[in-house]
Number of protein chains: 2
Amino acid sequence: MTFSLLPESEQGAVPSLYDPARMSQRAMTAHMVQAVWRTETGWEAPEMMPYGRISLEPTASVLHYATESFEGMKVYRGYDKKLRLFRPWLNCQRLAKSNARVCLPQFDQESLLKIIASYLAIECPRWLPEPGSNLYVRPTMIGSGSALGIQRPPEALFFLFGALFPQSTGKPSPGIKLLASDPEHIRAWPGGFGSAKVGASYGPAMVAQAKARENDCSQTLWLFGSNKLVTEAGASNFFVVWRRKDSDVVELVTSSLDTDIILDGITRRSILELARARLSADSIEANMPTLTPLEVHERPFTIDEILEAHAERRLIECFVSGTAMFVAPVSTIKYADQIVAFPMTVTEDGQKTTVSKYASILKSWLEDIMYGRENHEWAYVIDEK
Amino acid sequence: MTFSLLPESEQGAVPSLYDPARMSQRAMTAHMVQAVWRTETGWEAPEMMPYGRISLEPTASVLHYATESFEGMKVYRGYDKKLRLFRPWLNCQRLAKSNARVCLPQFDQESLLKIIASYLAIECPRWLPEPGSNLYVRPTMIGSGSALGIQRPPEALFFLFGALFPQSTGKPSPGIKLLASDPEHIRAWPGGFGSAKVGASYGPAMVAQAKARENDCSQTLWLFGSNKLVTEAGASNFFVVWRRKDSDVVELVTSSLDTDIILDGITRRSILELARARLSADSIEANMPTLTPLEVHERPFTIDEILEAHAERRLIECFVSGTAMFVAPVSTIKYADQIVAFPMTVTEDGQKTTVSKYASILKSWLEDIMYGRENHEWAYVIDEK
């Protein structure tokens, strides 16, 4: 993989970590990668080029029929100065699955990872210098070919760019507020595509998202079916920690993947694996006396179970997980006329924060792997030469 | 509405009605219309410009989150040389509904119709000269603003162009073949967006469409739920005509709109209205002795009802309706290992055709209105000056 480069003088300034341009999510790095696929000739060699606009025929499939898929991933500048991706093999696998769901062509997964790594090896020395910070990376596939008939697009475009998102301030999170969805807005359904990272899983969810904001919440808690299964929160996976009814056992519960209505999140999967490996009764370390061991369950569960646990004072914490939100505690759930408010505490410097011990420890373990404080097979080190 | 024009010398040639360029659906007219909306400033004045590529930021909402909606309509050159749209008010209404479903801004419906008519008044003298032919028109709305966060796009683009699709040869249709969908591919769901013409209702349907083609069928017959309700066919509405069980009554049945999982098709609606007005026992003309009057029903019905009617020799015909397919008889339905084959006949010149008397008469009435052989309030005449 060899990519050509912009002269440094033609690149913009690197915004500081807490620059408002990052807050607006409109600060991109200087380059992007593009690769074209055509029915007749397959993939052309990917090219690195200055970040800039993409031009499409007005008849392009993606503009009418949502033939589009993407991945969200981050690249981390370790405290040891090394550059790392977190389980990028899973992003490549999932992109393949998403592409298949909307009739987009397949990209060889190993080549995809090489392209991402080559791109970041060039881009990150300039755009990600600060140890303990990260850059958001967006591999995208669109049906770029002209196709007014409803059929597989005859041409596709893969593109990839880096975005300078706001960085965590390190301050404790006040927690996010969730508004449970109405039956009139269902995010996903069995036989649909809610488990695929395709555009169609996102745009139609914005109406409920807007309603959440009108109700002083930041995200939707997506319910499904007549028994109101809890599936996802916004575009993140959702976890609950509670004490089992009539028992002392503490459970970590998240929706199972069996009906294909939730995203097989990489952070989700990592949380489950870490919780099983480090927080179960067999594995929990003796030096964590404040944490009761967890039983981990992936299963369908309902909003009524949360309300009941809350009423019976068994509810311990809820949190969401995803690449963008990372691991964020939930402070409030609004459902019809009921409100579940999680306990808050005030830190030494007067910040209000949601008590979320399990989310905190899981998050810190993940950060240790991402930023190289712990050597772990989940980290993929990029060679910057 | 005043639009500027290309000099005629800079426009391409008009392809003949049966030109292969039309078959590939890649022949567009010379101009398009664009209008930009921004959160802060609202709509800018629409502009007419040469047909050409649209350029978007790589972070444009539409490329990631399917914030897109469209309409499909046709403009007809009457046998009286006049230019007509067919019930365009309904397209404008539906676009508003679709926009709302994916957080796109609203376009004043009256202005929209004026823009479409002004555009066609300029484009059609050249591109639609032939009486009895039509031009496909595609009003489209996309979230063009940069928005990597999942939120209402801060900028939207409305665009409109004309496409020279193949024209009906006038030969009888051999009928279309439908493959019933598997439960693993469900097009739409109550609380979803199957009734909206948004991109998200189309791209994810292409996988089943590809499977239909592998099975020598051209479209998917979309089933829903454990009792296998028949909902749509491909991107068209679906109708069945059968004799009621243990009765002489002939029924025209199509799926009802109540659960919002099928498109409120304009051709569908027009067929229902015409059938009620002209084919019911009260209204049918005495000079149509070969047609038994119809009872019209909009209600959920199952694939098993079709199979049962077929086994009991009560099945008369099935057809699909939509702007692109117009009214097309169904020749075959494949469902699991069962095949429903409709009676075929051979015309004088040796063409095989599906017997579909009701579809034929309804289609001819619609054409009479579209091409001005019948004066009707559904026709909207465009003044070309």
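Predicted model: local features only at pLDDT ≥ 70, side-chain atom pairs only at ≥ 80, totals over all residues.
Residues are numbered from 1 along each chain as its sequence is written, and side-chain values use heavy atoms, with hydrogens and water left out. Local features need pLDDT of at least 70 and side-chain atom pairs count only at pLDDT 80 or more, whereas totals for chains, interfaces and linings use all residues.

Contact (heavy atoms within 4.5 Å) joins 19 residues of domain 1 to 22 residues of domain 2. The area buried between the domains is about 1,900 Å², with carbon and sulfur atoms giving 61% of this area; buried area is the accessible area (1.4 Å probe) that two parts lose on being put together, summed over both.

Turning to polar interactions, the count between the domains is 10 residue pairs in polar contact, both residues at pLDDT 80 or more. A polar contact is a pair of N or O atoms within 3.5 Å; within protein, one must be able to donate a hydrogen and the other to accept it, and residues adjacent in sequence count only if both atoms are side-chain atoms. There is also 1 salt bridge between the domains, defined as a side-chain nitrogen of Lys or Arg within 4 Å of a carboxyl oxygen of Asp or Glu. The side chains of Arg87(A) and Glu273(A) form a salt bridge, at 3.2 Å from N to O.

Key. Chains lettered and ligands numbered in written order.
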